[in-house]
Amino acid sequence: MSFFRSILVTGGAGFIGSNFVHYVHARHAGCKITVLDALTYAGNLENLAGLLEDKRLKFIKGSIADAPTVREAMTGCEAVFNFAAETHVDRSIQEAGTFIETDVLGTYTLLRAACDIGVEKFVQISTDEVYGSSSGEHFEETSPLKPGNPYSASKCGGDLMCQAFFNTFQAPVVITRSSNNFGPYQHVEKFIPLFITNTIEGKELPLYGDGKHERDWIYVEDNCAAVELVSTRGRSGEIYNIAAGESRPNIEVAETILELLGAPKSRIVFIEDRKGHDRAYLMDSTKTEALGWSRRYDFRGALENTVEWYRSNDTWWRHVKSGAFRKYYDKHYKEKLEKGKTRGI
Ligand code: NAD
Ligand code: TYD
């Protein structure tokens with residue numbers, strides 16, 4: 001099956017969503033893209049710089065939990081890619097209400113509209129974190145859900161709603177569960193961008209606990225390629241794991257970042273562990289590989305690309321750290337969006 005002619009990308013101003021918009025825009029010249037994003041603290045229109053003026057892209061500011069806005073955004077779209085979510089584990093430990101509202105209620109609201117409108121495919125972007133912490137075993141798509149924090153519990157809620165909608169209403173849902181992503185446009189609150197930018201700024205790198213927690217880092221472009229493939233070749237009702245298969249301890253990643261930027265290991269400081277900190281996430285992605293996917297980037301090379309991206313996009317991350325990206329939004333887009341302009345903004 002060829003790619004869709006019109007898609008809705010929710011959360012398209014966030015990290016993976018914006019990478020996916022760039023990815024599709026570059027590869028599918030005939031595809032119209034509507035982005036629906038609430039522009040929370042994590043949504044940044046600078047991530048879509050260069051695309052917002054393009055008539056092929058339509059941007060709607062609004063929440064996936066708001067039914068009328070969702071309906072407006074989804075009308076005319078053949079497929080939905082739901083990247084919108086509250087995503088930061090540390091924030092979910094402080095306050096989980098918005099996680100439940102977006103990740104569960106928002107997903108439900110999208111599913112309702114998708115059934116009414118009759119979209120061809122609904123791709124739910126989920127995470128390895130729904131399986132909980134691994135003590136060495138590689139989780140398969142049939143493994144039980146065992147979320148270890150409020151973020152992953154809310155993602156489980158969204159996934160289960162998708163499965164219920166497939167079972168009850170034959171909604172054409174596929175779920176992707178990927179391991180930890182890294183690459184351009186990732187918010188500086190997350191581990192790799194925080195450690196890269198702190199190193200550049202001469203600051204300390206705050207490592208939780210003993211630093212031996214492991215994550216299986218996947219370059220964001222590899223995840224985008226897998227999501228694209230699953231959307232056209234995946235079977236409705238199925239789940240697809242997307243893992244890089246390169247799990248490594250946080251301390252090793254921190255030391256590699258320091259090495260790449262020529263800074264000493266003494267910058268690392270061990271701080272009190274995160275509450276309920278999952279030790280490791282490991283998945284088997286044979287099922288996705290059977291569709292024809294394999295990762296293109298190895299960890300070291302992709303980390304070098306990422307360090308280089310943050311080095312040469314100094315203004316982007318400094319705007320995120322200082323909150324100045326909000327002023328950019330106010331100056332260039334606020335008035336137009338409030339007046340209802342969505343294309344060529
Ligand atoms: P992100 O936090 O960078 O971006 C989330 C985006 O969603 C932001 O643009 C934000 O404004 C938007 N958003 C939040 N609430 C919204 C709402 N109610 N309505 C509309 N838009 C809303 O997140 P990310 O890292 O790009 O993650 C994208 C998806 O991928 C999420 O579903 C996440 O669970 C999943 N995922 C992420 C990773 C990772 O390592 N980053 C790994 C596996 C899965
Ligand atoms: P994070 O990027 O928040 O992703 P997740 O918790 O969803 O996997 O964190 C990745 C790993 O890095 C995780 O084990 C927690 C750790 N970490 C630190 O040690 N220090 C930090 O400041 C952050 C943000 C994360």
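So, helix H7, residues 220-233: it has 14 residues, and from first C-alpha to last it reaches 20 Å, close to the 20 Å expected at 1.5 Å a residue. Keep in mind that this is a predicted model. How much of H7 is covered? Mostly covered, it turns out, with 11 of its 14 residues buried. Among the buried ones are Val220, Cys224, Ala226, Val227, Leu229 and Val230. The buried set in H7 also includes Asp222, Asn223, Glu228, Ser231 and Thr232.

Okay, on to helix pairs.

Take H4 and H5 first. H4 is residues 97-117, H5 is residues 150-169, and they pack at about 15 degrees with their axes 8 Å apart. An angle under 35 degrees counts as roughly parallel, so that's what we call H4 relative to H5. The crossing is right-handed. Who's touching whom? On the H4 side you've got Phe99, Ile100, Asp103, Val104, Thr107, Tyr108, Leu111, Arg112 and Cys115. Facing them from H5 are Tyr151, Ser154, Lys155, Gly157, Gly158, Met161, Cys162, Phe165 and Phe169. By class, the contact of H4 with H5 comes out as 11 nonpolar, 4 polar and 3 charged. If you look at the numbering, remember that an α-helix has 3.6 residues a turn, so residues three or four places apart point the same way.

H4 has another partner, H2, residues 67-74. Those two pack at an angle of about 45 degrees, axes 9 Å apart, and that makes H2 oblique to H4. H2 passes H4 in a right-handed crossing. H2 brings Ala67, Val70, Arg71 and Met74 to the contact, and H4 brings Thr109, Leu110, Ala113, Ala114, Asp116 and Ile117. In classes, H2 with H4 gives 7 nonpolar, 1 polar and 2 charged residues.

Last pair: H6, residues 191-201, and H10, residues 299-312. Their axes come within 10 Å and cross at roughly 55 degrees, which makes H6 oblique to H10. What's the handedness of the H6 and H10 crossing? Right-handed. From H6, the contact uses Ile192, Pro193, Ile196, Thr197 and Ile200. From H10, the contact uses Leu303, Thr306, Val307, Tyr310 and Arg311. The tally for H6 with H10 is 7 nonpolar, 2 polar and 1 charged.

To wrap up: H4 lies roughly parallel to H5, H2 is oblique to H4, and H6 is oblique to H10. And H7, where we started, is mostly covered.

Key:
Residues numbered from 1 in each chain as written. Chains lettered and ligands numbered in written order. Predicted model: local features only at pLDDT ≥ 70, side-chain atom pairs only at ≥ 80, totals over all residues. Heavy atoms only, no water. Axes fitted to C-alpha atoms, helices over the stretch in contact; angles between N-to-C directions. Helix = DSSP H or I, 4+ residues; strand = E, 2+ residues; numbered from the N terminus. Parallel < 35°, antiparallel > 145°, perpendicular 65-115°, else oblique. Left-handed = near helix turned anticlockwise from the far one by under 90°. Contact = heavy atoms within 4.5 Å. Nonpolar A, V, L, I, M, F, W, Y, C, P; charged D, E, K, R; others polar. Expected span 1.5 Å × (residues − 1). Buried < 20%, exposed > 50% of the residue type's maximum accessible area, 1.4 Å probe, protein only.
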